[in-house]
Amino acid sequence: MHPEQVTPFYSWLQDPEVIEYSLSAFQQLKTTAQIDQWFAATLVQAHTLNLGIYLAETNALIGYAGLTGISTTNHAGEYFIFLGEKTQWGKGLGTAVTKQILQLAFTEHQLNRVMLTVSEGNTGGLRAYAKAGFVVEGRLREAACRQGVFHDKIVMSVLKADWQRLGLVGC
């Protein structure tokens, strides 16, 4: 992604449905200046892989995904995905992108473990992650608050050996 690609985030981050299960920081970003500042900082984060998600037909940016907290010592990182374009929800893109990022994690970045947290109400995300090989490790009770209501976050991970055994190599 490049700094000039911030524009779609202006509308995405103003839509409560789009940010409901996303980064807590998204709940606070209200102005274009705040979004610009967040986006610029995101692009230069150390130990992070930030990749745009683009539609093959039009090359339009529809979100971003990647790995954060990449540890070369522990060969581990944390997966994230944000599909901002609601017209693309429910089409299997989350699963496809997740598989592509895992391919990069386990081959190019030589990671052994990739984890994530997902809000318990994000059933689409839970399905996509399970299809990509993630398994539930545990639950963070009432770890998130949205619209004044607490909900649990589910901790999931996939190990390189599991990913290889499931035959997801090359996805």
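**Notebook: charges, fold and rings**

I began with charge. The chain carries 13 positive and 14 negative side chains, and the centres of the two sets are 7 Å apart. I noted that the model is predicted.

Next I looked up the fold. I found six helices and six strands. Along the sequence they run α-α-α-β-β-β-α-β-α-β-β-α. The radius of gyration is 16 Å, close to the 16 Å that the globule rule gives for 171 residues, so the chain is as compact as a globular protein of that length. I saw that 42% of the 171 residues count as buried.

Then I turned to the rings. How many aromatic pairs does a search of the whole structure find? It finds 16.

I picked out Phe26 and Phe82. Their ring centres are 5.1 Å apart and their planes stand at 70 degrees, so I wrote down edge-to-face. Phe26 sits in the loop between helix 2 and helix 3, while Phe82 is in strand 3, 56 residues apart. Buried or exposed, I asked of Phe26 and Phe82? Both are buried.

My next pair was Tyr79 and Tyr129. Here the centres are 6.1 Å apart and the planes at 85 degrees, so this pair is edge-to-face. Tyr79 is buried at 4% relative accessible area. Tyr129 counts as buried at 9%.

Last, I traced a cluster. Ring pairs join Phe9, Trp12, Phe26, Trp38, Phe39, Tyr64, Phe80 and Phe82.

Technical notes
Residues numbered from 1 in each chain as written. Predicted model: local features only at pLDDT ≥ 70, side-chain atom pairs only at ≥ 80, totals over all residues. Heavy atoms only, no water. Phe/Tyr/Trp six-rings, centres within 6.5 Å; stacked < 30°, edge-to-face > 60°. Helix = DSSP H or I, 4+ residues; strand = E, 2+ residues; numbered from the N terminus. Buried < 20%, exposed > 50% of the residue type's maximum accessible area, 1.4 Å probe, protein only. Rg over C-alpha atoms; globule rule 2.2 N^0.38 Å. Lys, Arg positive; Asp, Glu negative; His and termini not counted. Charge placed at Lys NZ, Arg CZ, Asp CG, Glu CD.
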